[in-house]
Amino acid sequence: MQKIEAIIKPFKIDDVKEALQAIGIQGLTTSEVKGFGRQKGHTEVYRGAEYVVDFLPKLKLEIVVEDDIAENVVNTIVDAASSGKIGDGKIFVSKVEDVVRIRTGEHGPTAI
């Protein structure tokens with residue numbers, strides 16, 4: 001099993017969710033996060049004072065899938081979340097040793 005973590009622009013969540021549902025993904029978890037990369041934030045003016053916004057709002061998606069569909073999920077997220085501009089985000093893929101469904105105690109892929 002693979003855990004896919006994607007950091008995306010917040011306004012892209014609906015596009016990504018619909019694209020993932022279209023390929024059969026039944027669940028995902030989202031978190032509101034803040035961060036920066038090459039984008040390095042931006043400068044804003046508020047009531048005449050200039051200030052730097054270092055940490056930009058993003059959404060983090062977490063999805064655990066079986067190994068055979070992980071690449072398809074990653075490609076789907078890239079296609080749906082890409083605007084072609086700096087700050088589109090990143091995707092991290094890592095190995096998951098086990099999953100346990102709390103309600104039933106099931107382990108492994110049946111617990112996803």
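Predicted model: local features only at pLDDT ≥ 70, side-chain atom pairs only at ≥ 80, totals over all residues.
Local features here need pLDDT of at least 70 and side-chain atom pairs count only at pLDDT 80 or more, while totals for chains, interfaces and linings use all residues. Residues are numbered from 1 along each chain as its sequence is written, and side-chain values use heavy atoms, with hydrogens and water left out.

Me: At roughly what angle do the axes of helix H1 and helix H2 cross?
Reply: Helices (H or I, at least four residues) and strands (E, at least two) are DSSP runs, numbered from the N terminus. Axes are lines fitted to C-alpha atoms, for helices over the stretch in contact, with angles from 0 to 180 degrees between N-to-C directions. The axes of H1 (residues 13-22) and H2 (residues 67-81) come within 8 Å, and their crossing angle is roughly 145 degrees.

Me: How many nonpolar residues does the contact of H1 with H2 have?
Reply: Contact means heavy atoms within 4.5 Å. H1 and H2 have axes that come within 8 Å; H1 contributes Asp15, Val16, Ala19 and Leu20, and H2 contributes Val73, Thr76, Ile77, Ala80 and Ala81. Ala, Val, Leu, Ile, Met, Phe, Trp, Tyr, Cys and Pro count as nonpolar, Asp, Glu, Lys and Arg as charged, and the others, Gly among them, as polar. By class, the contact has one charged residue, one polar residue and, as nonpolar residues, seven.

Me: Why do the buried residues of H1 line one face of the helix, and what is their arc?
Reply: Buried means under 20% relative accessible area, exposed over 50%, and partly exposed in between (1.4 Å probe, protein chains only). In H1, the buried residues are Ile13, Val16 and Leu20. They line one face because, viewed down the axis and taking directions from the axis to the C-beta atoms, they fall within an arc of 65 degrees.

Me: Which elements do the buried residues of H1 pack against?
Reply: Glu18, Gln21 and Ala22 are exposed on the other side of H1. The buried residues of H1 pack against S1, strand S2 (29-35), S5 and H2.

Me: What is the C-alpha distance between Ala81 and Lys9?
Reply: Ala81 is in helix H2 and is buried, with a relative accessible area of 7%. Leaving aside neighbours within four places in sequence, Ala81 is in contact with Ile8, Lys12, Val16 and Asp88. Ala81 and Lys9 are 72 residues apart in sequence, and their C-alpha separation is 7.5 Å.

Me: What is the relative accessible area of Val93?
Reply: Val93 lies in strand S6. Not counting residues up to four places away in sequence, Val93 touches Gln2, Lys3, Ile4 and Val74. Val93 is partly exposed, at 46%.

Me: What distance separates the C-alpha atoms of Arg47 and Pro109?
Reply: Arg47 is in the loop between strand S3 (42-46) and strand S4 (49-53), where Arg47 counts as exposed at 76% relative accessibility. Arg47 and Pro109 are 62 residues apart along the chain, and their C-alpha atoms are separated by 54 Å.
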